[in-house]
Amino acid sequence: MLELRPNCECCDKDLPPEAADVMICTFECTFCADCVETVLGGVCPNCGGNFSARPIRPASKLGKYPASTKRVLKAEGCGPRKAA
């Protein structure tokens, strides 16, 4: 089950469960579409993978399967993943 994280890991923008501008990678790293396009260049800075739109959980299911309230923010800042 997806966590539906509540914020962009880059800019800390609130991303409610019904938001349509949310992108996730295969590890559920969560970013707003603006940061994915303008800051990250479509590459996850955590794993190097690509992004897909986060699905929207139907409101009728949020009671039983609530979104996460744990905020994740990159303390070192956000930018393209650096080569090892």
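## Salt bridges

Lys13 is partly exposed, at 36% relative accessible area (buried means under 20%, exposed over 50%, partly exposed in between, with a 1.4 Å probe and protein chains only). This is a predicted model: local features need pLDDT of at least 70, side-chain atom pairs count only at pLDDT 80 or more, and totals for chains, interfaces and linings use all residues. Residues are numbered from 1 along each chain as its sequence is written, and side-chain values use heavy atoms, with hydrogens and water left out.

The side chain of Lys13 meets that of Asp21 in a salt bridge, N to O 2.7 Å (a side-chain nitrogen of Lys or Arg within 4 Å of a carboxyl oxygen of Asp or Glu). Asp21 is partly exposed, at 29% relative accessibility. The structure holds 6 salt bridges. Another joins Glu76 to Lys74, at 2.9 Å from N to O. Here Glu76 is exposed, with a relative accessible area of 64%, whereas Lys74 is buried at 15%. Within it, Glu3 and Arg5 meet at 2.9 Å, N to O. Glu3 is partly exposed at 37%; Arg5 is buried at 14%.

## The cavity

Glu3 and Arg5 also line the largest cavity. A cavity is a set of points on a 1 Å grid, over the protein atoms alone, where a 1.4 Å probe fits but cannot get out; lining residues have an atom within 4 Å of a point. A search of the whole structure finds 1 cavity of 30 Å³ or more. The volume of the largest cavity is about 40 Å³; grid points are joined across faces, edges and corners, and a volume is the space filled by probe spheres set on the points.

By class, the lining has 3 nonpolar, 1 polar and 4 charged residues.

## Cysteines

The whole structure has 1 disulfide (a pair of cysteine sulfur atoms within 2.5 Å). Cys10 is joined to Cys78, S to S 2.4 Å. The pair links distant parts of the chain, 68 residues apart: Cys10 lies in the segment before strand S1 (22–24), Cys78 in the segment after helix H2 (59–62). Helices (H or I, at least four residues) and strands (E, at least two) are DSSP runs, numbered from the N terminus. The torsion about the S-S bond is about -115°, so the disulfide is left-handed. Cys78 is partly exposed, at 24% relative accessibility.

Cys32 is buried, at 2%. Its closest cysteine sulfur, in Cys35, is 3.6 Å away, too far for a bond. Cys44 is in no disulfide either; the nearest cysteine sulfur, in Cys29, is 3.8 Å away. Cys44 is buried, with a relative accessible area of 0%.

## The sheet

An open sheet of 3 strands runs in the order S2-S1-S3, with antiparallel pairing (two strands pair if DSSP finds at least two bridges between them). Strand S2 (30–32) and strand S3 (52–53) are the edge strands, each pairing on one side only.

S1 and S2 pair over 3 bridges, in the antiparallel sense. Val22 has Cys32 in S2 as its bridge partner.

Definitions and conventions
1 Å grid on protein atoms, 1.4 Å probe; cavity = no way out; pocket = protein on both sides within 12 Å on 5 of 7 lines; lining within 4 Å. Nonpolar A, V, L, I, M, F, W, Y, C, P; charged D, E, K, R; others polar.
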